[in-house]
Amino acid sequence: MGKKQGLLIVLGQMGISLLIPFTNYISKDNNIIDYMQNKDFLGQYYNYAQLKTILYFVFSILSFIVFTIILTIKKYRKNSLEKQRDGLLEMWKRTFAETLADDNNKLSNNDIDVRIFVPNSSIKNRLKKKKEFIIKNFKSLADPDITDDLCFEVSPQSEGLVGFCYQSKKIVYDDNLEETNSKNYNLSKHQQNKTSNLKFSFVCPILDINEDVIGMVAIDSKKLINIRSNKKYEKQFTTAVLNFSQLMHKNVPELFKARRALK
């Protein structure tokens, strides 16, 4: 957004702040109307009492119009910024996917999904003294599929790889989810159903300055990705995920803001 556009928004907001008390003042105070009548601004026989109502109506309409224009500009700016952000994330993801491929794992951008997990800020969890992390899907990073609103408890109980990651504050992964997902991770039937089509998942924690987990980046795939048998590739994969996670958190921190489950 340019300086001129920003100045217009500020002036418009100031105008609204002034118009509202001004119209309220006109509707309640007769001094201005009496002054105009005494000076014959509009002629001796003009209905000055009616003028007060007309002025209040006109300025109310103007306030509404200006307010609507400002909201429209803000919405346009927000949509424009989100479009730029999504384009940047999509480019980063394509580059990231290229760094993950090797001779044994032919991966493309469509083979992996990048999902972000953030604290679930629901009041119910606070009352129960339970911590959950909830998924955030962005179209530029992942196909939402059936995972929307997927939550994992991380404390006091631990669910899924997300729970393991939170408890250990370390990277965790499973490249054999077809066998282990329903057995090893304390998942409910609901959680199992939402993750049943995954064969691979790799979860990286995002830590704050106090080394508390404030978010997680999960790389998952419906395609088998074997990294455990090749230590060199495992290190390459881990480094790539770490760099990508830190890049997103540093440059697009709003992705990691807590959210509340819809249900």
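How many residues does helix α8 have, and how far does α8 reach from its first C-alpha to its last?

A: This is a predicted model, with residues numbered from 1 along each chain as its sequence is written; local features need pLDDT of at least 70, side-chain atom pairs count only at pLDDT 80 or more, and totals for chains, interfaces and linings use all residues. Side-chain values use heavy atoms, with hydrogens and water left out.

Helix α8 covers residues 231–251, which is 21 residues. Helices here are DSSP runs of H or I with at least four residues, numbered from the N terminus. From its first C-alpha to its last, α8 reaches 30 Å, close to the 30 Å expected at 1.5 Å a residue; the expected span is 1.5 Å times one less than the number of residues.

At the start of α8, the backbone nitrogen of Lys232 has a side-chain oxygen of Asn230 within 3.1 Å.

Buried residues (under 20% relative accessible area, against over 50% for exposed and in between for partly exposed, with a 1.4 Å probe and protein chains only) in α8 are Tyr233, Glu234, Phe237, Ala240, Val241, Phe244, Ser245 and Met248. They lie on the same side of α8 because they cover an arc of only 135° around the axis, taken from the directions from the helix axis to the C-beta atoms. On the other side of α8, the exposed residues are Lys231, Lys232, Lys235 and Lys250.

As for confidence, the protein chain averages a pLDDT (the predictor's confidence in each residue, from 0 to 100) of 82, and 79% of the residues score at least 70.

Conventions. Helices (H or I, at least four residues) and strands (E, at least two) are DSSP runs, numbered from the N terminus. A polar contact is a pair of N or O atoms within 3.5 Å; within protein, one must be able to donate a hydrogen and the other to accept it, and residues adjacent in sequence count only if both atoms are side-chain atoms.
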